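Thanks for coming. I will go through one structure today, starting with the strands and ending with the pocket.

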Amino acid sequence: MSTADLLYSEAEDDLRAAVRSLLTDRCPPAAVISEAESGRAYDVALWRALGAEMGTAGLLVPDKLGGQGATAREAAVVMEELGRAVAPVPYLTSAVLAAATLLGCDTDQEAVARLLGAVAEGRTVGALAVPLSTVAVVPGGGSGAPAATVRADGDSTLSGQVSGVAGAAGADLLLVPATGADGYGLYAVETAETSVTVEPLTSLDLTRPLAAVTLTGAPARRLAGPGRAEAAIGRALLTGAGLLASEQLGVAEWCLTETVRHTKERHQFGRPIGSFQALKHRMAALWLELVSARATARYAADALATDSPDAAVAVAVAQAHCAEVAVHAAEECVQLHGGIGMTWEHPAHLYLKRAKSDQLALGTPGRHRQALAGLVDLPAPTG
């Protein structure tokens with residue numbers, strides 16, 4: 001049995017440097033705040049540079065299908081950097097969830113291969129039309145695919161509504177689970193159709209907006225039928241949850257780094273506030289949490305990359321821990337910045353909102369602990 005490699009390779013470090021350089025130049029905090037106020041679904045120019053020109057949109061996709069032929073390890077590095085910048089781009093929703101869902105379908109089908117290639121090259125922005133709160137890991141290793149709220153009329157039209165869909169606003173392609181006479185299936189729908197309505201919802205995290213999708217006899221193409229559709233969606237949700245842990249790690253890293261910097265520069269009673277023992281202890285405790293979060297996030301990414309039989313366990317552990325570390329780090333960042341941390345102009349609120357939003361995405365920490373208990377056969381106490 002091989003041992004998981006939690007260290008970053010030279011290629012991963014190079015990828016991190018390239019992504020960080022782009023985000024530093026094109027996505028500073030002031031630009032993120034401005035984009036959040038714009039009402040746009042995402043930063044189109046930044047996504048073009050990151051996804052298409054740099055090629056990160058296709059990291060999970062084999063090169064023969066138009067991607068980069070990398071693995072979840074490399075995608076996790078990108079997610080870390082996007083978390084550090086709270087970048088308003090559809091990487092999780094398109095390059096991870098949509099791409100992983102299409103990979104679970106029969107890629108020998110011309111329609112599937114064409115859509116996957118377009119998503120991998122960044123020409124098409126895709127979204128998996130399920131609520132962002134859908135639980136990704138289920139006890140017993142089941143598919144995790146959600147019940148469909150959309151009805152399929154034959155193989156060509158869909159009707160119904162899905163609420164709380166991340167990435168639907170601004171997407172070109174929706175991957176929609178639906179049930180019909182032939183059972184559960186996965187369908188492709190183009191958002192340009194007049195029978196498709198995408199209504200933005202008020203979202204806590206303005207950098208990852210949610211929307212309600214309504215289909216009224218929308219033209220659709222069936223990509224997968226019963227069995228394969230559930231497996232494809234379930235694997236995509238598992239992959240998304242595992243890589244989301246790396247984003248949460250990036251959020252926590254920025255919050256700790258920024259808090260340490262601020263407490264070194266902010267003076268009270270003639271000395272830096274970071275020199276006070278009580279604050280030292282809080283930041284040291286947060287650093288220990290972050291180190292553990294890195295280990296769990298890297299293990300989840302490695303397990304997904306190697307298709308380990310322990311992938312579901314690794315993802316459940318990572319989500320149960322990283323979600324809470326990110327929220328704690330963001331809360332400490334806001335509090336230890338004092339009054340300025342409460343202002344709109346300071347980016348701390350963006351990280352707190354992203355951390356809280358991520359905490360609910362693809363299953364809460366409590367749901368992941370519940371799933372983990374089932375996966376390792378550790379029943380809850382009774383009586």
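**Strands, core and pocket**

Strand β2, residues 150-153, and strand β3, residues 157-166, run antiparallel and are joined by 4 bridges. Before I go on: this is a predicted model.

Within that pair, Val150 has Gly160 of β3 standing opposite. The two strands make a hairpin, with 3 residues between them. Gly154 sits in the turn, and its phi is positive, at about 70°.

Which strand does β3 also pair with through 8 bridges? That is β7, residues 210-219, and this pairing is antiparallel too. Here Thr157 stands opposite Pro219 in β7.

Let me stay with Gly160, which lies in β3. Its C-alpha atom is 5.3 Å from that of Leu215, although 55 residues separate them along the chain. Setting aside neighbours within four places in sequence, Gly160 contacts Thr149 and Val150, and also Val213, Thr214 and Leu215.

Leu215 comes up again in the core. The largest nonpolar core has 123 residues. Those touching the most other members are Trp47, Tyr91, Leu158, Leu174, Leu175, Val189 and Leu215. Which helix gives the most to this core? It is α9, residues 311-336, with 15 residues. As general background, nonpolar side chains in soluble globular proteins tend to be buried together.

Not counting residues up to four places away in sequence, Tyr91 touches Trp47, Thr56, Ala57, Leu59, Ala75, Val78, Met79, Leu82 and Val96.

Leu372 lies in α11, residues 365-375. Between Leu372 and Ala312 there are 60 residues in sequence, and the C-alpha distance is 8.2 Å. With neighbours within four places left aside, the contacts of Leu372 are Val313, Ala316 and Val317.

Last, the pocket. How much space lies in the largest pocket? About 270 Å³. Three helices each supply at least two lining residues: α5 (91-103), α7 (228-265) and α8 (277-305). The lining consists of Leu60, Thr71, Ala72, Ala100, Leu103, Gly104, Arg235, Thr239, Leu304, Ala305 and Asp307. By class that gives 6 nonpolar, 3 polar and 2 charged residues.

To recap the strand part, β3 has antiparallel partners in β2 and in β7. On the core, α9 gives the most residues. That is what I have for today.

Terms used: Residues are numbered from 1 along each chain as its sequence is written. This is a predicted model: local features need pLDDT of at least 70, side-chain atom pairs count only at pLDDT 80 or more; totals for chains, interfaces and linings use all residues. Side-chain values use heavy atoms; hydrogens and water are left out. On a 1 Å grid over the protein atoms alone, a cavity is a set of points where a 1.4 Å probe fits but cannot get out, and a pocket is an open set with protein on both sides within 12 Å along at least five of seven lines; lining residues have an atom within 4 Å of a point. Grid points are joined across faces, edges and corners, and a volume is the space filled by probe spheres set on the points. Ala, Val, Leu, Ile, Met, Phe, Trp, Tyr, Cys and Pro count as nonpolar, Asp, Glu, Lys and Arg as charged, and the others, Gly among them, as polar. A nonpolar core is a set of buried Ala, Val, Leu, Ile, Met, Phe, Trp, Tyr and Cys residues joined through side-chain atoms within 4.5 Å. Buried means under 20% relative accessible area, exposed over 50%, partly exposed in between (1.4 Å probe, protein chains only). Contact means heavy atoms within 4.5 Å. Two strands pair if DSSP finds at least two bridges between them.
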